[in-house]
Amino acid sequence: MPEVLGAGRVIPVVCAPNAVLSRAGAQVDPTAGETVQLAADLIATMRVSPGCVGLAAPQVGVAAQVFAVDVTGHPKAVTLHGAFALCNARVVEGTRWKVGREGCMSVPNLTGDVKRASRLVVEGALPGSGKIVQLVTDGFEARALQHEIDHCTGLLFLDRVAGAHAIYQRKVYL
């Protein structure tokens, strides 16, 4: 499924309460040069960020529906599709809801317990070709996809926790 993207640039990650993180991103033309470059930049930034398994355009200050995910090598990952980026993605179906701990580069000092689908079908466009793909996944990769789609719609994991009792100080600083 992954398409080859050009070289990306490392872009600084913005942190809450930056307003771009709470705004829904605009849909993009997946074939546009700036979209393809943004997708490559997200992957490049993700690769130099220890522990990062996903990064969305709003996290680098761009209010757009583009994100990258790569759970390869993560100890919780079972199903994985390697490094990929999607544009204008949406959840088609989510089942088997489970609570799990999440963190975020844009909320560096906190983690939280979030209920998410552990089996997931997502549809989105590949940057470059614009080809619409449907991705079926589960477990940790499903959680990462939902987290990044939330970023594209202006939500942080903190917006999905059950309450203050489900938010924790991060114990491991990356």
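Six residues touch the most other members of the largest nonpolar core, which holds 21 residues: Phe67, Val69, Val71, Leu86, Val122 and Leu145. Two or more core residues come from each of β2 (66–69), β3 (84–104), β4 (107–125), β5 (132–138) and α2 (139–152). Helix α2 gives the most, with six residues. The model is predicted.

Among the residues it touches are Leu42, Leu55, Phe84, Leu86, Leu145 and Ile149. A second, separate core has 16 residues, including Ala64, Val66, Cys87 and Ala125.

Thr35 sits in helix α1 (residues 33–47). Thr35 is buried, at 5% relative accessible area. A polar atom of the Thr35 side chain lies 2.9 Å from the backbone oxygen of Asp29. Contacts of Thr35 also include Val28, Pro30, Val66 and Cys87.

Now the charged pairs. The structure holds eight salt bridges. Three of them are listed here.

| Salt bridge | N to O distance |
|---|---|
| Arg116 and Glu102 | 2.6 Å |
| Arg116 and Asp150 | 2.8 Å |
| Asp150 and Arg160 | 2.6 Å |

Where do these partners lie, and how buried are they? Arg116 is buried, with a relative accessible area of 2%. Glu102 is buried too, at 5%. Arg116 is in strand β4 and Asp150 in helix α2, so their bridge ties together parts 34 residues apart in sequence. Asp150 counts as buried, at 6% relative accessibility. Arg160 is partly exposed, at 40%. Shared partners join Glu102, Arg116, Arg143, Asp150 and Arg160 into one salt-bridge network.

Methods. Residues are numbered from 1 along each chain as its sequence is written. This is a predicted model: local features need pLDDT of at least 70, side-chain atom pairs count only at pLDDT 80 or more; totals for chains, interfaces and linings use all residues. Side-chain values use heavy atoms; hydrogens and water are left out. A nonpolar core is a set of buried Ala, Val, Leu, Ile, Met, Phe, Trp, Tyr and Cys residues joined through side-chain atoms within 4.5 Å. Buried means under 20% relative accessible area, exposed over 50%, partly exposed in between (1.4 Å probe, protein chains only). Helices (H or I, at least four residues) and strands (E, at least two) are DSSP runs, numbered from the N terminus. Contact means heavy atoms within 4.5 Å. A polar contact is a pair of N or O atoms within 3.5 Å; within protein, one must be able to donate a hydrogen and the other to accept it, and residues adjacent in sequence count only if both atoms are side-chain atoms. A salt bridge is a side-chain nitrogen of Lys or Arg within 4 Å of a carboxyl oxygen of Asp or Glu. Lists of a residue's contacts leave out its neighbours within four places in sequence.
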